[in-house]
Number of protein chains: 2
Amino acid sequence: VRTIKLTIAFDGTGYAGWQRQKGAPTIQEAVEKALATMTGRFTPVHGAGRTDAGVHALGMVAHFRTESKIPSKGFHRGLNSLLPGEIRVLAAEEVEEGFHARKDARGKVYRYQMATGTMLLPTDRLYWGWFPGPLDLDAMNQAASLLVGEHDFSSFEASGSRVAKDGGRGAVRRVFTAGFRVLATAPEKIQFVIAGDGFLRHMVRNIVGTLVEVGRNQRRVEEIPELLRRCDRRFAGPTAPPQGLFLVEVWYGNEDDNQRRRVDHGTIRA
Amino acid sequence: VRTIKLTIAFDGTGYAGWQRQKGAPTIQEAVEKALATMTGRFTPVHGAGRTDAGVHALGMVAHFRTESKIPSKGFHRGLNSLLPGEIRVLAAEEVEEGFHARKDARGKVYRYQMATGTMLLPTDRLYWGWFPGPLDLDAMNQAASLLVGEHDFSSFEASGSRVAKDGGRGAVRRVFTAGFRVLATAPEKIQFVIAGDGFLRHMVRNIVGTLVEVGRNQRRVEEIPELLRRCDRRFAGPTAPPQGLFLVEVWYGNEDDNQRRRVDHGTIRA
């Protein structure tokens, strides 16, 4: 039995998220269907995590185990020839047999794209959340920095949605870095990048919705620590819309340190 | 009778271009349909030019004449409430009665977006043409500069497509500025911006296809003047795909000088 690790980018616009579910198209189902065509048998594909409906990915990671003799390069090409244009396999590589995309993940990087102009352009509507400005970016970055570190993020978790498989750590997660930057080429476009060892359901989108309130002077920077302490979703801001959110990459093993530095220096690409 | 000038942005993905045609959805038809709902009668909308199927716009200009008493602000809001999300009216203003969006246009700015990585990301596929690199950007910019000025652009015109209403100037057009720049945030993404007093059918896309050949050392910079002199489409490069092309803005009257400077300084927004 061989284990193949896939790195996958997808446009989540027309999909009900990563995870297979009845009556709705999902990324997992599309990949499993293409894989069944190639190998002649149903082969479950395990993702590093779920993504919500409409959320995109630049570097989702998944794995499957197979007795097929198709080389990893064959899976790479074959899957791309079978998958729709909304889903692309960026890499396929054979890894040690025990590799598990979700259990072995050590970190994830998300990006949230915000357009702050008076109107959302049609050609931005699928990939940018719309937050008409002005926004106080300094205040937003101060508030974001208060989320860095290990905290109980219950206040930012979708209500009633605790994942059972959380390794007993409840809603405690470590955020490595979090911050906003304005695109040099487009002053009305802002990207929020957040990296952490794991994320609760809706956590990034709830953080964005809350930090926008800070940017609009509807919430003070100083309220963030108190908000974390309350562990109550009702005190955080609204959930930002899904189309602005991108899963940028998933970290495994020892690459973490280098990659954390890359994120710290803001070199995650637009 | 009043004349209303509209500035319109649209996502051309699902449309057969600007101009009304039987059996295919077009932007013009959608705007005219919304206008008929508002005014109770069919009102033709005249665009500054056609755009090809799949081409986008950030600032198309159009006009219509009406006896309706709806204020321009009412048209702005009303049209946006009736139009699909792919089409947004950015501005509606009453102008002098004789204004004509096509005949009065003094210049247009187009942008072509190119992704040069080893694969086109799904979330880029609708708005970026894919040209796997490396590309010699210096050579491409040198070649682009040779297009600036007044030339007969027959070599870059879609064959058999001369527009009758060309004011007797044949295929002669003036290019004000043309050049490439790399996005600071994404080294694998390049934008080509070209401004001129008018463009032939497929002209921007054929120019892009030709300049990419220069960037790949398949064509020398020095061949560009000879290519222009030949006035023969067969000697230019392939037509770049439509989804990378954006009509950025249309110029009228005295604003030209300021706006040309803006383009020269590369401040057209990403």
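**Figure 1. Ala184(A) beside the rotation axis.** Within chain A, Ala184(A) is the residue that comes closest to the rotation axis, its C-alpha lying at 3.7 Å. Chain A is superposed on chain B by a rotation of 180° with 0.0 Å of shift along the axis, giving an RMSD of 0.0 Å. The two copies are thus related as by a two-fold rotation axis. The structure is a predicted model, in which local features need pLDDT of at least 70 and side-chain atom pairs count only at pLDDT 80 or more, whereas totals for chains, interfaces and linings use all residues. Residues are numbered from 1 along each chain as its sequence is written, chains are lettered from A and ligands numbered from 1 in the order in which they are written, and side-chain values use heavy atoms, with hydrogens and water left out.

**Figure 2. The interface between chain A and chain B.** In chain A, 30 residues are in contact (heavy atoms within 4.5 Å) with 31 residues of chain B. The copies meet through the same surface, since 100% of the interface residues of chain A are also interface residues in chain B. About 2300 Å² is buried between the two chains, 68% of it on carbon and sulfur atoms. Buried area here is the accessible area, taken with a 1.4 Å probe, that two parts lose on being put together, summed over both. Between the chains, two residue pairs are in polar contact, both at pLDDT 80 or more. Strand 1 (2-10), strand 3 (56-66), helix 2 (72-82), strand 4 (87-95), strand 8 (172-183) and strand 9 (186-196) of chain A each supply at least two residues of the side that touches chain B. The largest share of that side, four residues, comes from strand 4 of chain A. A polar contact is a pair of N or O atoms within 3.5 Å; within protein, one must be able to donate a hydrogen and the other to accept it, and residues adjacent in sequence count only if both atoms are side-chain atoms. Helices (H or I, at least four residues) and strands (E, at least two) are DSSP runs numbered from the N terminus.

**Figure 3. Salt bridges across the interface.** Four salt bridges are found between chain A and chain B. The term denotes a side-chain nitrogen of Lys or Arg within 4 Å of a carboxyl oxygen of Asp or Glu. Among them is the pair Glu86(B) and Arg125(A), with an N to O distance of 3.9 Å. Over all chains, the structure holds 30 salt bridges.

Figure 4. In chain A, the side chains of Glu226(A) and Arg230(A) form a salt bridge of 3.5 Å, N to O. In chain B, Glu226(B) pairs with Arg229(B) at 3.2 Å, N to O. Glu226(B) is partly exposed at 34%, while Arg229(B) is exposed at 60%. Buried means under 20% relative accessible area and exposed over 50%, with partly exposed in between (1.4 Å probe, protein chains only). Elsewhere, salt bridges that share partners join Asp11(A), Glu86(A) and Arg125(B) into one network.

Figure 5. Arg201(B) and Asp52(B) form a salt bridge, with their closest N and O atoms 3.7 Å apart. Arg201(B) is partly exposed, at 42% relative accessible area, whereas Asp52(B) is buried, at 17%.

**Figure 6. The surroundings of Glu213(B).** Glu213(B) belongs to helix 4 of chain B and is buried, with a relative accessible area of 18%. Leaving aside residues up to four places away in sequence, Glu213(B) touches Gln218(B), Arg219(B), Gly237(B) and Pro238(B). Pro238(B) is 25 residues from Glu213(B) along the chain, and their C-alpha atoms are separated by 9.0 Å.

**Figure 7. Confidence along chain A.** Chain A has a mean pLDDT of 92, and 91% of its residues reach 70 or more. Over residues 264-270 of chain A, pLDDT stays under 50, and the model has 22 contacts beyond four places in sequence for this stretch. The model scores ipTM 0.89 and pTM 0.91.

Note on methods:
Copies are superposed by least squares on the C-alpha atoms of residues with pLDDT of at least 70 in both. pLDDT is the predictor's confidence in each residue, from 0 to 100.
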